[in-house]
Amino acid sequence: MNALPGYNFAYLDEQTKRMIRRALLKAVAIPGYQVPFGSREMPLPYGWGTGGIQVTASILGQEDVLKVIDQGSDDTTNAVNIRRFFNRTAGMATTDRTEEASIIQTRHRIPEKPLNENQILVFQVPLPEPMTRLEPREAVTRKLHALADYGLMHVKLYEDIARYGHIATTYDYPVLVNGRYLMAPSPIPKFDNPKLHMSPALQLFGAGREKRVYAIPPWTRVESLDFEDHPFSIQRWQQPCALCDAEDSFLDEVVLDGGGRMFVCSDSDYCQTRQAAGHTGSENTPTEVSA
Amino acid sequence: MYVAVKGGESAILNSYELLAAERRGDPDVPELTLAQIRQQMRLAVDRVMGEGSLYDEDLAALALKQAAGDQVEAIFLLRAYRTTLPRFGYSVPIDTARMALRRRISATFKDLPGGQVLGPTYDYTQRLLDFSLADTADAPTPPRVDEPLPATSPRVTDLLGEEGMIEAERPAAGDPAPTDLSREPLRFPANRATRLQNLARGDEGYLLALGYSTQRGYANSHPFAGEIRMGEVPLEIIPEELGFAITIGQITLTECQMINQFAGSSDVPPQFTRGYGLAFGESERKSMGMALVDRALRAQELGEEITSPAQQAEFVLSHTDNVEASGFVQHLKLPHYVDFQSELELLRKMRASSAKVGAGDTAIPGVQPSAEREEA
């Protein structure tokens, strides 16, 4: 372990970590309920993952193996930066491989590989209140949650259908947790919503700027809001990943130098694992596979 | 062959070095010292200490140097450092009547006990660029008066209070311990002590603009600057093992007491009400803006109609913090590929269906044939 001199393991002092863990325990006990906590000022900017970082820091032990992804990728600058932060302040092992990680901190995606009961997924959350765009006053939304009065959201979804013929929410798609609390799943694409449901992994959500944590305990029901005649559906692509030929992953559109487009897995570890296993897509041949 | 973007880590490390070089500038120009910043950029230091919520001139000067003069960045640096500091205790409430005044003005009384003290102020400098400052010069000698100022000067609001012309300010029932916003989240409704704490850490520009809006009719505000005072106040703590107060040092503060009209209600006769502002260092603009906003936020308590942004506590208090605001606005720089892809896909679908309804087989720009579709 080679943690940063002058700072505690994983940056936060132990009393602060304990305070956050207490809030997390409450969050686990009341699935989907937003628990206020004494969010600290972190040395990374608000809105860049301070909630997720505080949650990760407070549950992290020296034996843990951490994976950090942003947009599904370990290589985006923000993911690199957060991984470096924990490398510097906690000095523990990190990995790119989903199955090797005991804690995965993520922004905007859930890994494609199914998680197991020994893993914890930590989401970075910009706006924890699912109704914030419909009702910005927290004093009001808190009351609506207390009464389980989610008509506001149902009316919004209904108005989408009336106007466009379908629900026009594609990410941060609202879910009902354990049949009780309406919850913002963070800005993951709705493609990832089914992975929230009955997940064997503990899922923790941290909103640093808004000073809230919430949780989905393992094996918890998570339903995406819909209507009987307009059931929830996820995005599908007609062609597979151009690099690994996967047909079941979320694809990013990449604009090529010549002006063309190609579609590749947003989950870089999933894509690379498949390529290493010999899968090739339309844009590469086995000799050109790069890790 | 397409290769995904890699090398984020070396790019980040290179950005550190580029930034350090840009911060230093031309190496032929002597490097700034912290003492220079602290002495000659003292108002910048004051603002960083105030909004950084840490009274330490050296660290604030260091933050300003590291941030190349960017105040909000310097405030962020100081806040992030502050979080890691242990908390030894809480001070005894300061008494601004005991302030060693360097400036004290009242816009409501021509003369008053303790007198008007103009002090060091830009107010009457006529704002002509002083080209002599372009070169270094000998240090000016400040004027001195023979007679020292009185050790304590009553606050204007105290003078009005003796007559019962202004509302009395009393602790809330039971004198509850105030919330510590650096340890506990802001909750609504927020009491006045919590609101003032939030405003004291708030962005000067934001409070200035909101305060200004109340003067221009966006809230029912008729303020008088009852008193503005600036100077040094002793800071005392009561160590548990001693049981009595000891002075641990002094801090510079600027306090503003705004006096506002109030028509009275069925329970309360017409009287003046207060708006309060307090800031570290010489921060007159900040403390005045704060006092205007504080008064506007008391609308509900005083039974005034809430019509304007400056009166809406949740709106005002949720957006004061420039570290939060700067972070969240600038997080838009982070990749949003996944969400954008989802929106792009939806937009193409919507355009395709509206084109089908309209012009039939018109080509839709940006849509690739059968690139994607959504399955029900």
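Reader: How many helices and strands does the secondary structure of chain A come to?

Author: Helices (H or I, at least four residues) and strands (E, at least two) are DSSP runs, numbered from the N terminus. In chain A there are seven helices and 13 strands. This is a predicted model, in which local features need pLDDT of at least 70, side-chain atom pairs count only at pLDDT 80 or more, and totals for chains, interfaces and linings use all residues. Residues are numbered from 1 along each chain as its sequence is written, while chains are lettered from A and ligands numbered from 1 in the order in which they are written.

Reader: What is the radius of gyration of chain A, and what does the globule rule give?

Author: The radius of gyration is taken over C-alpha atoms, and the globule rule is 2.2 Å times the number of residues to the power 0.38. For the 291 residues of chain A the rule gives 19 Å, and the model has 20 Å, close to that value, so chain A is as compact as a globular protein of that length. Its C-alpha atoms fill a box of roughly 60 × 60 × 35 Å along the principal axes.

Reader: What radius of gyration does chain B have?

Author: Chain B has 27 Å, but a compact globule of 376 residues would have a value near 21 Å. The C-alpha trace of chain B spans about 90 × 70 × 55 Å along its principal axes. Chain B holds twelve helices and five strands.

Reader: What span should helix α9 of chain B have?

Author: The expected span of a helix is 1.5 Å times one less than its number of residues. Helix α9 of chain B (residues 284-297) should span 20 Å, and its end C-alpha atoms are 20 Å apart, which agrees.

Reader: How many residues of chain A are in contact with chain B?

Author: Two residues are in contact if their C-beta atoms, placed from the backbone, lie within 7 Å. By this rule 54 residues of chain A touch 50 residues of chain B. On the chain A side, α3(A) gives the most, with five residues. That side divides into 19 nonpolar, 19 polar and 16 charged residues. Here Ala, Val, Leu, Ile, Met, Phe, Trp, Tyr, Cys and Pro count as nonpolar, Asp, Glu, Lys and Arg as charged, and the others, Gly among them, as polar.

Reader: How many bridges join β12(A) to β13(A)?

Author: Two strands pair if DSSP finds at least two bridges between them. β12(A) and β13(A) run antiparallel and are joined by five bridges. In one of these pairings, D252(A) has V264(A) in β13(A) as its bridge partner. The hairpin has five residues between the strands, and there G259(A) takes a positive phi near 100 degrees.

Reader: Which residue other than glycine in chain B has a positive phi near 65 degrees?

Author: Q126(B) has that value. Q126(B) lies in the loop between β1 (100-105) and α6 of chain B, and is exposed, with 6 other C-beta atoms within 10 Å. In chain A, N178(A) has a positive phi of about 55 degrees although it is not a glycine. N178(A) is partly exposed, with 16 other C-beta atoms within 10 Å.

How values were computed: Buried ≥ 20, exposed ≤ 12 C-beta atoms within 10 Å, placed from the backbone.
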